[in-house]
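Hi everyone, thanks for coming. Please take a moment to look at the sequence and the structure, and then I'll walk you through a few parts of the fold.

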Amino acid sequence: MNQNQGKKITVYDTTLRDGAQGEGIHFSTQDKLSYVKKIAEMGSLYVEAGWPGANPLDQEFFQQARDLHSPLAHIVAFGSTCKVKESPEQSDILLNLLASGAKTITIFGKSWDLHVRDVLRANLEENLRLIRESVSFLLQQGREVFFDAEHFFDGFKENRDYALKCIGAALEGGAKTIILCDTNGGSMPAEVAKGVRVVMQEFNPQELGIHVHNDRGLAVANSMIAVEAGVTQIQGTWNGFGERCGNANLSTLIPLLQLTGDYSVVSEEALLKITSFSRYVAELTNAPFDEKQPFVGRSAFAHKAGMHVDAILKNQRTFEHMDPAGVGNERRILISDQAGKANIWERLRRFEPTISKEDPRVESAMIEIKELEHNGFQFEAAEGSLDLLLLKILGKVPTPAFEVLDYHVWSDPLRGELDSVAVVKVKVGQDTVQIASEGNGPVNALDTALRQALVSFFPILGQSQLVNYKVRVLDGSRGTEAIVRVIIDTRLEHEVWGTIGVSKNILKASAQALLDAINWTIWKYQ
């Protein structure tokens, strides 16, 4: 199917507001400005950027956003209706929304009678007035107005007639788009489908949206059901960020709609960038990226079992639902003690495309890898070390870029934060360098000393950095003599790779992993 011929679905991105309500998620003003510029890669989307007047950060953003010229990112200001017994003209909330300069404004109002009584402490008719008059006032000021029917599905289940009256009030006020919200995230797909169908039959609104939370793990499924029932606008956040269990995940929902349904959501060019954009959002928030996310995670198209790999190399449809390149991702063949010759062969082909599956080096690599994994190595999490090993087996590793002649590390808890010192002596060609460096812990000190000793010879080391350090005791019954496994993740720009060391000495295992990380960086990028 031509991806641009299906029913058009509008994307409303609420990462900068709803996403920021998730634990550990924070956007500075500069983060938000950068985000709005970057999201142009995804095409024409609505971007809900915050609540003007609710806090200084959002106030500052909307002031600075006036200088942005991003025709593809439609910046939306978010807020509520005016307060009980308040006229719209006197509402600080609505006046701040207008002062933001946003051409599109989304306001939410109560559509569950429980909230009207117990939260607003108002009568039901007063709530309908708040909705109708707030929407009308903003519309009269020349703004495009969307209405979030907060808690719609809960209200629909308990007092159907009143929930529908709230929708009617927003439409009477002139709202362009009505968004049905599963604010508690507790609705089931059949309930969402029924609510959407009834609203479509009762009002046939110009545009109907869906806003779903993930408290039962159904946000994406409920959004899909809503679209099938007639919704034309999807709301969500990248990577599913949001309060409690998060919101509908746009990183999943967009490709799911576009690739498996008769819908046009973003351009084909934007779909190819969805993996990189999803990672960008995680990096912007400094949040861990969920590598098991559908479509965009590193594990989404990762294959480990030998029989699976053998099959997929013959026909990718055997164990993949789509071509990973279609969403900017890639297939990964994992190497472990479960790997067969097909896994090893496919990995070796990255460095020697013409190598035969029957080449003795394939068998040799498989035997060596399984022996190492038996001794505690785990290469599926350390692809940098794996590739160095395979290059060595292929005879493609050049003369070592450097040689570590000696290193010493010691710690003194009385030294304060920089409690460790490392001294390293390395040889590069005919040059010998000895460096001492302080660090926050022995591994940090050793890493810093090695980089300082080598960076003048290999400048690329100044751009890479250690981003994760994991230690696992492999045989706790042996106490302090137990073998430990250290895995280190290194990042250079947007690429991250792991390296590994195994030893009874935790510092020696760490040094192995660090040296592999440095050697791989030099080999690949220098």
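**A walk through the chain**

Among contacts in the protein chain between residues at least 6 apart in sequence, 65% join residues at least 24 apart; contact here means heavy atoms within 4.5 Å. Before going on, please keep in mind that this is a predicted model, where local features need pLDDT of at least 70, side-chain atom pairs count only at pLDDT 80 or more, and totals for chains, interfaces and linings use all residues. Residues are numbered from 1 along each chain as its sequence is written, and side-chain values use heavy atoms, with hydrogens and water left out.

The protein chain has 18 helices and 18 strands. Both are DSSP runs numbered from the N terminus: helices are H or I with at least four residues, strands are E with at least two. Of the 526 residues, 53% are buried. Buried means under 20% relative accessible area, exposed means over 50%, and partly exposed is in between, with a 1.4 Å probe and protein chains only.

Now, which residues have the most contacts inside the largest nonpolar core? They are Tyr35, Phe152, Ile234, Trp238 and Ile254, in a core of 91 residues. Helix α7 (residues 160–173) gives the largest share of this core, 7 residues. Apart from it lies another core, of 26 residues, including Leu348 and Phe379. A nonpolar core, by the way, is a set of buried Ala, Val, Leu, Ile, Met, Phe, Trp, Tyr and Cys residues joined through side-chain atoms within 4.5 Å. In soluble globular proteins, nonpolar side chains tend to be buried together.

Let's zoom in on Ile234. Not counting residues up to four places away in sequence, Ile234 touches a list of residues that includes Ile9, Tyr12, Ile210, Leu250 and Val265.

Tyr12 takes us on to the strands. Tyr12 stands opposite Tyr46 in β3, and strand β2 (residues 10–13) pairs with β3 in the parallel sense over 2 bridges. Two strands pair if DSSP finds at least two bridges between them. β3 is also joined to β4 by 5 bridges, again running parallel, and there Leu45 stands opposite Ala73. How many of the residues of β3 (residues 45–50) are buried? The count is 6 of 6.

Next comes helix α3 (residues 92–99), where Ile93, Leu94, Leu97 and Leu98 are buried. Seen down the axis, the buried residues of α3 fall within an arc of 135 degrees, so they line one face of the helix; the arc is that of the directions from the helix axis to the C-beta atoms. An α-helix has 3.6 residues a turn, so residues three or four places apart point the same way. The buried residues of α3 pack against β4 (73–80), β5 (104–110) and α5 (124–140). After α3 comes Gly101, with a positive phi near 85 degrees.

Last stop: the loop between β9 (233–236) and α10 (250–260), which holds Asn239. Its phi is near 65 degrees, a positive value in a residue other than glycine. Arg244 sits in the loop between β9 and α10 too, and Arg244 has a positive phi of about 55 degrees although it is not a glycine. Are they buried or exposed? Asn239 is buried, at 12% relative accessible area, whereas Arg244 is partly exposed, at 48%.
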